[in-house]
Amino acid sequence: MTQEYDVIVVGAGHAGCEAAAAAANLGSSVLLITMNMNTIAQMSCNPAMGGVAKGQIVREVDALGGQSGIITDKTMIQFRMLNRSKGPAMWSPRAQSDRMRFAEEWRLTLEGISNVDFWQEAVTGLLVEDGTCVGVRTQLGIEFRSKTVVLTNGTFLNGLIHIGEKQFGGGRAAEKMSTGITEQLRELGFETGRMKTGTPPRVDGRSLDYSKMEEQPGDENPSRFSYLDTPQLTKQRPCYITYTNEKVHEILRTGFEKSPMFQGRIKGLGPRYCPSVEDKINRFADKDRHQIFVEPEGWSTVEVYVNGFSSSLPEDVQYNALRQIAGFENAKMFRPGYAIEYDFFPPTQLNLTLETKPVRNLYFAGQINGTTGYEEAACQGLMAGINAHQRVRDLEPFVLRRSEAYIGVLIDDLVNKGTDEPYRMFTSRAEHRILLRQDNADLRLTPLGHKLGLASDERMQRVEQKRRATADVLEYLNKKPVEPGEINGLLVELGSAPIHEKTRAVNLLRRPQVELADLQRALPELDQYLQTYGADALEQAGISVKYETYIEKEHLQAQRMGELEDLRIVGRLDYKAMPALSHEAREKLLRVQPETIGQASRISGISPADISVLMVYLGK
């Protein structure tokens, strides 16, 4: 208790675990404080990692040297690559996890890092001296001192759980809320708000009739999240799909008069893209059914997650409605769904390093910043942990640009635009998504992680090997001649025009109907050569050829934006003294205090004319 730590991490959810692991693996001494050691890295909501854009984030965390991808691979029970029918920018890995094993693996991973210490207790306040955070105070009155503090409190700050007309304090089912921190931060000048999220009932899988549902198996050849040699998934558990119906909707409507959401007892805004089932039937009254995903919670447990049935209606209404769903006629409920309100801090109060502006050496990560999702939390935790370590060592801050990673897009959006509803990552939020694919996260980010000292030499060697192999394959395809007699049969079969003269293999691969696997099938010599390379290199080569024009275009756009990012704004400018700026621009620039012209250009309400004024001013 007398040791001064480099980094104290408050909260052991997905953000806290990544923050603690990153800082410690970089060499900082870390104290991880949690209210309950038995719920480290608990999957509070659905037992899954990844999904559209979220899967890209997990790959990026792994490429930088984080742990979420490795732990997901070790504990997953099903893997699917989503959006395979679309372009590679949309391919998104998703895995169902064994919820109990996931949490256990995270705890064992953290316990295996020698310079991570643990303390089980509630933190009720921060130690702040001269505008700098120097530690925390616990419920027992113990003061732990540190050079930096990372807050990852999730839904626990003044958490309030709603089930029908009942409400009670809590940060999660059967866990108490955390008090004291919000109140102190308000006194220190922080703005705060309320947000809401929810979770569905859990049911007994033995009471379900899966024959009435549509089976949703995993991929035939499942992939992995990590770029390391994590265990290969050899068997999988299926998920199932069923649907609500009008009878379900009628029963749910009977509970609307006791709904905390419709009766105004819930003040916080909920996630737009993951609405409760009562919200869905109210907003989309013209739809006579809604999809329900039936997801197992693990290899051996009978507990089942009813994805798509999030609710805060009275428990009897939830139960009666559930039993009208096909396959749920005899369902037994483990616990009802609920909504939870909690405090968050608008992220415009952060720097791009996730350090707070009002208090030095204090970092926020995860739902405290207004985000939702394990993946969004994990990547923020990773970045906060890295930057806390960098600050302790007096090293350069680590910030990812929008053209470098989805992580960069997420943090840039939060800091510059803020959020008034739980922020969720989508591919549409990234203007450079063709560059930011899940297949090339290692090529983009492992060199950066290795330079930091977080990504291992082994990771870097794998990246260099993949880069060389991809270049070799591309060189071969550019040189390999193909005669009409060798390929025309295949081209006709694929619905592509035959060729009339010799051409290079790369020209054939540029055709939308032709894949590299097709050329391998038709050209034995090419197939024999390519079989000496790994699947990763072949995939990279194929994408590089097919999307060459688009990739070059995005590289040019990123380069232009990079020039604005390189124009740094040093110190605090007196924007009030720039009358040529619009009133809104002066107000928002004063509040956000952007670090570069590029960052200033992305603040909502800042016009191109305002940017021109800034550039003239800086030029003087």
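Biologist: What should I know before I start?

Modeller: The model is predicted: local features need pLDDT of at least 70, side-chain atom pairs count only at pLDDT 80 or more, and totals for chains, interfaces and linings use all residues. Residues are numbered from 1 along each chain as its sequence is written, and side-chain values use heavy atoms, leaving out hydrogens and water.

Biologist: At what angle do helix α2 and helix α3 pack?

Modeller: Axes are lines fitted to C-alpha atoms, for helices over the stretch in contact, and angles run from 0 to 180 degrees between N-to-C directions. Helices are DSSP runs (H or I, at least four residues), and strands are runs of E (at least two), numbered from the N terminus. Here α2 (residues 54-64) and α3 (residues 68-75) pack at about 115°, with axes 7 Å apart. That makes α2 roughly perpendicular to α3 (65 to 115 degrees).

Biologist: Which residues meet there?

Modeller: Contact means heavy atoms within 4.5 Å. V58, V61 and D62 in α2 meet S68, G69 and I70 in α3.

Biologist: In what order do the strands of the open sheet run?

Modeller: Two strands pair if DSSP finds at least two bridges between them. The order is β3-β5-β4, with antiparallel pairing. β3 (48-50) and β4 (76-82) stand at the edges, each with a single partner strand.

Biologist: How many disulfides does the structure hold?

Modeller: A disulfide is a pair of cysteine sulfur atoms within 2.5 Å. The structure holds 0. The sulfur of C45 is 6.4 Å from the closest cysteine sulfur, in C274, so it is too far for a bond.

Technical notes: Parallel < 35°, antiparallel > 145°, perpendicular 65-115°, else oblique.
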